[in-house]
Amino acid sequence: MKIALIGYGKMGKEIEKIALSRGHEIVSIIDLDNQEDFNSEAFKSADVAIEFTAPTVAYSNYMKAFAAGVKVVSGSTGWMDEHGDEIKDLCDKGGKTLFWASNFSLGVGIFSAVNKYLAKIMNQFPAYDVTMSETHHIHKLDAPSGTAITLAEEILENLDRKERWVKEEANAANELPIHSIREGEVPGIHTIRYESEADSISITHDAKNRKGFALGAVLAAEFTCNKQGLLGMNDLFKF
């Protein structure tokens, strides 16, 4: 498979290693200093572009890749509030393809499935209040993390007593607070905690490095190569 990389930071370099080890070809690498390469024949020859950049440029990158006729796999977060509906329409009605996930880790996929199941169970036990915390490296621009928001929305879908998530402190009983910590070079830690007067129940996913995310992104690219539309981890992993 021919892969283009959009963003060549630590994640981009890790994705490159794994893609090459799985027999794929990197035909184009686009970073801040060569944006004109979106129009190159090399980029247009890609079966899929894998995009890991920043919230401020992700949407623009999608549009440039779509214009070049290239499908996109992306882990960039922080753009959906402003552009989510437009991208969904382009994929559902405009023939474009985006595989998007807030987190590509297989472990997070499993953690997500456990999170939803636990919320369904805890819906029967109102004595337990739920909170969430997430810790990432100091370079991460958005807070809460996209993964934390996804996990929170899964809880809201299955826990009737919570209606919305909020940053840091809850002001009402129906709010789910997400506490964000930025320190060092932490790849990502997410903890969900249910607490009552009697005891507490916690589940945690602790990423050790970027390899799990990079492998998941390459697996997503392999899956997306012959698919169309707006795709996600629920399509790739059937838990």
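Author: Let us begin with a loop: P144 sits in the loop that runs between β6 (129-136) and α6. This is a predicted model, and the questions below go through it piece by piece.

Reader: Thanks! Is the peptide bond from A143 to P144 cis or trans?

Author: Most peptide bonds are trans. The bond that leads from A143 into P144 has an omega near 0°. That bond is cis.

Reader: Which loop holds E168, and is its phi positive or negative?

Author: E168 belongs to the loop between β7 and β8 (175-182). Most residues other than glycine have a negative phi. E168 is not a glycine, and yet its phi, about 65°, is positive.

Reader: Let's step back to the whole chain. How does the domain assignment divide it?

Author: The assignment gives domain 1 as two segments, 2-104 + 211-236. The other domain covers 106-206, and that is domain 2.

Reader: How many residues of each domain are in contact with the other, and what separates the two centres?

Author: On the domain 1 side, 10 residues take part, and they are in contact with 11 residues of domain 2. Taken over C-alpha atoms, the centres of domain 1 and domain 2 are separated by 27 Å.

Reader: Which element gives the most to the lining of the largest pocket?

Author: The lining holds 42 residues, with M80, W100, S102, T150 and E153 lying nearest the centre. Elements giving two or more residues include α4 (80-92), β5 (97-100), α5 (106-122) and α6 (146-158). With 8 residues, the element that gives the most is α6.

Reader: How do the lining residues of the largest pocket divide into nonpolar, polar and charged?

Author: The nonpolar group of this lining has 18 residues.

Reader: Where is the second largest pocket, and what is its volume?

Author: Here too domain 1 (2-104 + 211-236) and domain 2 (106-206) both give residues to the lining, so the second largest pocket lies between them. The volume of this pocket is about 940 Å³.

Reader: Which element supplies the largest share of the lining of the second largest pocket?

Author: This pocket is lined by 40 residues, and M11, F52, T53, H137 and K140 are the ones nearest its centre. They divide into 14 nonpolar, 20 polar and 6 charged residues. At least two lining residues come from each of α1, α3 (55-67) and α6. The largest share, 5 residues, belongs to α3.

Reader: Which residues does F104 contact, leaving aside neighbours within four places in sequence?

Author: Contacts of F104 include F52, V73, S74, G75 and F99.

Reader: Which strand holds R193, and which residues does R193 touch?

Author: R193 lies in β9 (residues 189-195), and at 32% relative accessibility R193 counts as partly exposed. Y128 is 65 residues away along the chain, with 9.2 Å between the two C-alpha atoms. Not counting residues up to four places away in sequence, R193 touches D129, V130, T131, S200, I201 and S202.

Reader: And what is the C-alpha distance from S200 to V130?

Author: S200 lies in strand β10 (residues 200-206) and touches R193, Y194 and E195, residues up to four places away in sequence not being counted. In sequence, S200 and V130 are 70 residues apart. Their C-alpha to C-alpha distance is 9.6 Å.

Technical notes: Residues are numbered from 1 along each chain as its sequence is written. This is a predicted model: local features need pLDDT of at least 70, side-chain atom pairs count only at pLDDT 80 or more; totals for chains, interfaces and linings use all residues. Side-chain values use heavy atoms; hydrogens and water are left out. Contact means heavy atoms within 4.5 Å. On a 1 Å grid over the protein atoms alone, a cavity is a set of points where a 1.4 Å probe fits but cannot get out, and a pocket is an open set with protein on both sides within 12 Å along at least five of seven lines; lining residues have an atom within 4 Å of a point. Helices (H or I, at least four residues) and strands (E, at least two) are DSSP runs, numbered from the N terminus. Ala, Val, Leu, Ile, Met, Phe, Trp, Tyr, Cys and Pro count as nonpolar, Asp, Glu, Lys and Arg as charged, and the others, Gly among them, as polar. Grid points are joined across faces, edges and corners, and a volume is the space filled by probe spheres set on the points. Domain bounds come from an automatic or database domain assignment. Buried means under 20% relative accessible area, exposed over 50%, partly exposed in between (1.4 Å probe, protein chains only).
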